[in-house]
Amino acid sequence: MPNPSASQPLHPSDGPSVQASKPNGMTIRARGRSFLALILSPEAPLKDWLAGLDNHMQRAAGFFNRQPVILDLGLLDEHTEGLAGFQQELRQRHIHLIGIEGADRHWQALQTWEWPIELQGGRPSGPVQLPEEEEKAPPLNPIKEPLIINRPVRSGQSIQNPDGDVIILGPVSSGAEIIAGGSIHVYGPLRGRAIAGVDGRPHARIYTTKMEAELLAIDGFYMVAEEMPAEPIGQAAQVYLEDEQLKIVLLQAAVIKN
């Protein structure tokens, strides 16, 4: 079963708003917001794919909890067995779809499907200036600065920087989540979930001074605690992607010669 990949940033809070005053005295407020969604690309036979999904969900409990998901049907066709009831199968697994792509909604098997219309939730991406008159907006340059967190990340917290690295100067507790467009650096025990390279960056890495993670992921390929090798557990380690497989190796201290 192909692994889900992350494509757009998500955060539960809003950023500062901007205001534009109109001649009638009414004030229009706007906020910028972006989204992080996991992309699922099912393959036929769907019965086997769902069995593989169930296996992953048992080993990574809560991985899809509150996570928006885009369903990519590009590997299927309108005659795929089980396609008509596939959306309901995902709902029974509490997978929330915010988008469907890679298929024609006029396929007979999709006539009973409900197609998402709008996105909800999200992460602030900064103020959006409302123009005084209609004009073509210039393209935005992505921000690629590292996000530095100078405190512990506690259970239930989610730290996200979809446009660059995340640097944590302290421990990451079990139940916490770190998401980065680039690499993740944890100067302390990593006990939660670390998801790097979310915007298609397979060369991103994860570093920690003490590997005890619940889940590791780079560019959509992930590994849960039960699948991790024993040697790096409790040690300083790095994680990288090689041939679509996550590798966890010990961090070797540099030897300085006079």
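I'll start with a salt bridge: the side chains of Arg-191 and Glu-212 meet, with 2.7 Å from N to O. Arg-191 sits in the loop between E13 and E14, and Glu-212 in the loop between E15 and strand E16 (215-218), so this pair ties together parts that are 21 residues apart in sequence. Arg-191 counts as partly exposed, at 31% relative accessibility. Glu-212 is partly exposed too, with a relative accessible area of 28%.

Before going on, a caution: this is a predicted model. The average pLDDT for the protein chain is 77, and 70% of the residues score at least 70.

Now the overall picture. The protein chain has 2 helices and 19 strands. Of its 258 residues, 42% count as buried. If you take the contacts with a separation of 6 or more, 47% of them are between residues 24 or more positions apart. The chain exposes about 15000 Å², and carbon and sulfur atoms supply 49% of that.

Back to salt bridges. How many does a search of the whole structure find? The search gives 6. One of them joins Arg-93 to Asp-54, with the closest N and O atoms 2.6 Å apart. Arg-93 is in the loop between helix H2 (86-92) and strand E7 (96-101), while Asp-54 is in helix H1 (residues 46-59), so the pair ties together parts 39 residues apart in sequence. Is Arg-93 buried or exposed? At 17% relative accessibility, Arg-93 counts as buried, whereas Asp-54, at 25%, counts as partly exposed. Together with Glu-89, these two residues are linked in a network of salt bridges.

Another salt bridge is between the side chains of Arg-193 and Glu-177, at 2.5 Å from N to O. Arg-193 is in strand E14 (residues 193-196) and Glu-177 in strand E12; the pair links distant parts of the chain, 16 residues apart. Both Arg-193 and Glu-177 are buried.

Next, the strands towards the end of the chain. Strand E18, residues 237-242, is mostly covered, with 5 of its 6 residues buried. What does E18 pair with? Strand E15 (residues 206-211) pairs with E18 in the antiparallel sense over 3 bridges. Within that pairing, Thr-208 has Ala-237 of E18 as its bridge partner. E18 is also joined by 6 bridges to strand E19 (residues 245-250), again antiparallel. Here Glu-242 stands opposite Gln-245 in E19. E18 and E19 form a hairpin with 2 residues between them, and Asp-243 in the turn has a positive phi of about 50 degrees.

One histidine to look at is His-185, in strand E13 (residues 184-190). His-185 has a relative accessible area of 19%, so it counts as buried, the cut-off being under 20%. Which residues does His-185 contact, leaving aside neighbours within four places in sequence? They are Asp-165, Val-166, Ile-167, Ile-168 and Tyr-207.

Last, the surface. Ile-148, Leu-169 and Tyr-187 form a nonpolar patch there, with about 310 Å² of accessible area together. Leu-169 lies in the loop between strand E11 (166-168) and strand E12 (177-180). With 39% relative accessibility, Leu-169 counts as partly exposed.

Key: Residues numbered from 1 in each chain as written. Predicted model: local features only at pLDDT ≥ 70, side-chain atom pairs only at ≥ 80, totals over all residues. Heavy atoms only, no water. Helix = DSSP H or I, 4+ residues; strand = E, 2+ residues; numbered from the N terminus. Buried < 20%, exposed > 50% of the residue type's maximum accessible area, 1.4 Å probe, protein only. Contact = heavy atoms within 4.5 Å. Areas by Shrake-Rupley, 256 points an atom, 1.4 Å probe, with all protein chains shown as cover. Patch = residues over 30% accessible without salt bridge, like charges linked within 9 Å, V, L, I, M, F, W, Y side chains within 5 Å. Salt bridge = Lys/Arg side-chain N within 4 Å of Asp/Glu carboxyl O. Pairing = 2+ DSSP bridges. pLDDT = per-residue confidence, 0-100.
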